[in-house]
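Here is a short briefing to read alongside the structure.

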Amino acid sequence: MLDPACFKDLVVSRGLKYRYYFSSPKSASKSYLLFLHGFPSSADDWRYQIAFFSAQGYGLVVPDMLGYGGTDKPAEAEAYRSSLITKDLVDILDKENAEKVVAIGHDLGAKINSRLANYHQDRFIAFAFYAAGCLPPSGFRFEDFANQTAQTLGYDVGGYWAFLSEDDAASLIRDHIDSFYSLAYAQDNRLSITEWSPHGALRKWLESNSTTEFFISQEDYNRGKADYLASGIGSSLNWYKIMTSDIELEDSKGIPEADYTIRKPVFFGGALRDYICVAPLMRAGFFKYAPNFTFQDYDTGHWIMLQRPEEINRDLLGWIESVVLP
């Protein structure tokens, strides 16, 4: 559990409150690390990285992302547009006078990391992505993504996006929270193919109140589940409503094509047993958009920073010290 005394609150320029873990670098030679979590999580996802990099002297900014934890939870999906959230994060960095920042994202945090590179690249010195790759902004449409990935992989990976965008998803998750949370952190990664990602599968799993073994400790499970219930659940689903609608399509169209390219150093950590964010597919996009690209695959599932923390910490530190801050 993260030390509550290390958290701060800030009302960003659009009037929303963010809660974030903060510590300053121990020397001028060390950079700040901005860690961005995904769904259905909080800053606590990065607990192993926070402990490790704090001991190494790095500065840390680790927010509860919009809709989670101690950060505000707007009900309107429009509030979760990437152009707005990236500005919120820059507001936090500016407030803390954080310079030399490496942005690091996992899952939907990787999507925001992509947009930080598109909208605010000069504010950062490097970008790292885990499990999910960079997502270019060019006219993304959910139906096209779902069809293309199903054709490539031979199975449906878009059904859970559709379910999480439905009006009754939050209440169904709340009523069957152990069913949902145990599957989200399942020990058996292949359940994502059969019970999580196909259209209709996650709804059926919840309605039958099915459960499975999970890989996190019972203590972490109980704390994470309680935190997610306290967050209200519905606000976190707005991240998927954005992805399955055209809400931010015009924002994406406004990004110049020249800004698709990430000119700063980029690291990608792929999860070889993640059957939704499939590592070779995720990796492929970087070769087009990231000329200074380093990658490392890990024999683990989607929750790469929780399942292989020692390897992740070692390789991220090595990349930062050899490539980003040589």
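In this predicted model, strand β7, residues 266-271, pairs with β8 in the parallel sense, over six bridges. Within that pairing, Gly-269 has Gln-296 of β8 as its bridge partner.

**The sheet**
- β7 and β8 belong to an open sheet of eight strands, ordered β1-β2-β4-β3-β5-β6-β7-β8, with mixed pairing.
- The edges are held by β1 (7-11) and β8 (293-298); each has a single partner strand, so one side of each is left without a neighbour in the sheet.
- From one strand to the next, the twist averages 20 degrees.

**A helix across the sheet**
- Helix α15, residues 309-324, lies across β3 (32-36), β5 (101-106), β6 (126-130), β7 and β8.
- Relative to β6, α15 runs at about 160 degrees.

**The nonpolar core**
- The largest nonpolar core has 105 residues, and Phe-39, Leu-116 and Tyr-228 touch the most other members.
- Helix α15 returns here, as it gives this core its largest share, six residues.
- Beyond residues up to four places away in sequence, Tyr-228 touches Phe-39, Pro-40, Tyr-68, Ile-173, Ile-177, Phe-180, Tyr-181, Ile-233, Ser-236 and Leu-237.

**A buried glutamate**
- Glu-248 sits in the loop between α11 (234-243) and α12 (249-253).
- Glu-248 counts as buried because its relative accessibility is 9%, and the cut-off for buried is under 20%.
- Leaving aside residues up to four places away in sequence, Glu-248 touches Tyr-80, Arg-81, Ser-82, Lys-111 and Ile-242.

Technical notes:
Residues are numbered from 1 along each chain as its sequence is written. This is a predicted model: local features need pLDDT of at least 70, side-chain atom pairs count only at pLDDT 80 or more; totals for chains, interfaces and linings use all residues. Side-chain values use heavy atoms; hydrogens and water are left out. Two strands pair if DSSP finds at least two bridges between them. Helices (H or I, at least four residues) and strands (E, at least two) are DSSP runs, numbered from the N terminus. Axes are lines fitted to C-alpha atoms, for helices over the stretch in contact, and angles run from 0 to 180 degrees between N-to-C directions. Contact means heavy atoms within 4.5 Å. Buried means under 20% relative accessible area, exposed over 50%, partly exposed in between (1.4 Å probe, protein chains only). A nonpolar core is a set of buried Ala, Val, Leu, Ile, Met, Phe, Trp, Tyr and Cys residues joined through side-chain atoms within 4.5 Å.
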